[in-house]
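Subject: Structure for you to look at

Hello,

Here is the structure I promised to send. Please open it and keep it in view while you read my notes below.

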Amino acid sequence: MSDQNASSDAKIPNRRVSRRQRRAEALRARALSPARIILSVLVGFPLMTASVALGVYLRTSPYEPAEAVLHLIARAGCDAAESVGMAPAYQGWPGYHARNDVDGDGVACEPQRQAEQVAVQPQNASPAQAPEPRQRTLGRAKFVRP
């Protein structure tokens, strides 16, 4: 008879729920609430996409990671390029974007007085002269790009 009593007790659920079980159910209900799911999708998905895109850009960029980030910031415009020390930028250098090169001479975000001097130069001047290497600093590190 004791076997029958044990099996009948197993079939009847315990109607008394412990405090721990109630807290777990409440936590589960909050975690799966529609508002929380929608918020995590609206905030989490763009952040995840941006971080993956930045990681891919840094790995595929021809520049060092620090220069690649500055190059990406300089794409926003000449004000941003000047604020991070990437202006003026010569074609092929980090910070050069054709959209920032107003006169199409291979120098982006050049100051106005340099743009006027370029316009005054004679036509037979060789534009293929290589500019001097530019030194930039980021913290204590010094970068020289040939």
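Start with Asn100, in the loop between strand E1 (89-90) and E2. This is a predicted model, so please keep that in mind throughout. Is Asn100 buried or exposed? Asn100 has a relative accessible area of 7%. The cut-off for buried is under 20%, so Asn100 is buried.

Now look at what surrounds Asn100. Leave aside its neighbours within four places in sequence. Asn100 is then in contact with Ala74, Gly77, Cys78, Ala108 and Cys109. Keep Cys78 and Cys109 in mind, as they come up again next.

The disulfide

How many disulfides does a search of the whole structure find? It finds one. Cys78 and Cys109 form it, and their sulfur atoms are 2.3 Å apart. As a reminder, a disulfide is a covalent bond between the sulfur atoms of two cysteines.

Which parts does the pair tie together? Cys78 lies in helix H5 (residues 78-83). Cys109 lies in the loop between strand E2 (107-108) and helix H6 (112-120). The pair therefore ties together parts that are 31 residues apart in sequence.

The disulfide also has a handedness. The torsion about the S-S bond of Cys78 and Cys109 is about -90°, so the disulfide is left-handed.

Compare the two cysteines. Cys109 is buried, with a relative accessible area of 7%. Cys78 is partly exposed, at 25%. The backbone at Cys109 deserves a look as well. Its phi is near 55°, a positive value in a residue other than glycine.

A cis peptide bond

Next, go to Pro88, in the loop between H5 and E1. A cis peptide bond joins Ala87 and Pro88. Omega there is about -10°.

Then turn to helix H3 (residues 34-60) and helix H4 (residues 65-74). Their axes come within 9 Å and cross at roughly 120°. H3 and H4 are therefore oblique to each other. H3 passes H4 in a right-handed crossing.

Which residues meet there? From H3 come Leu54, Tyr57 and Leu58. From H4 come Pro65, Ala68, Val69, His71 and Leu72. By class, the contact of H3 with H4 has seven nonpolar residues, one polar residue and no charged residues.

Take Leu54 as one of these residues. Its place is in helix H3. At 37% relative accessibility, Leu54 counts as partly exposed. Leu54 and Leu72 are 18 residues apart in sequence. In space they are 9.6 Å apart, C-alpha to C-alpha.

The whole chain

Finally, step back to the protein chain. Its secondary structure comes to six helices and four strands. From the N terminus on, the elements run α-α-α-α-α-β-β-α-β-β. How much of the chain counts as buried? Of its 146 residues, 19% do. Asn100 and Cys109 both count as buried.

Best wishes

Conventions. Residues are numbered from 1 along each chain as its sequence is written. This is a predicted model: local features need pLDDT of at least 70, side-chain atom pairs count only at pLDDT 80 or more; totals for chains, interfaces and linings use all residues. Side-chain values use heavy atoms; hydrogens and water are left out. Axes are lines fitted to C-alpha atoms, for helices over the stretch in contact, and angles run from 0 to 180 degrees between N-to-C directions. Helices (H or I, at least four residues) and strands (E, at least two) are DSSP runs, numbered from the N terminus. Angles under 35 degrees count as roughly parallel, over 145 as roughly antiparallel, 65 to 115 as roughly perpendicular and the rest as oblique. A crossing is left-handed if the near helix is turned anticlockwise from the far one by less than a right angle, and right-handed if clockwise. Contact means heavy atoms within 4.5 Å. Ala, Val, Leu, Ile, Met, Phe, Trp, Tyr, Cys and Pro count as nonpolar, Asp, Glu, Lys and Arg as charged, and the others, Gly among them, as polar. A disulfide is a pair of cysteine sulfur atoms within 2.5 Å. Buried means under 20% relative accessible area, exposed over 50%, partly exposed in between (1.4 Å probe, protein chains only).
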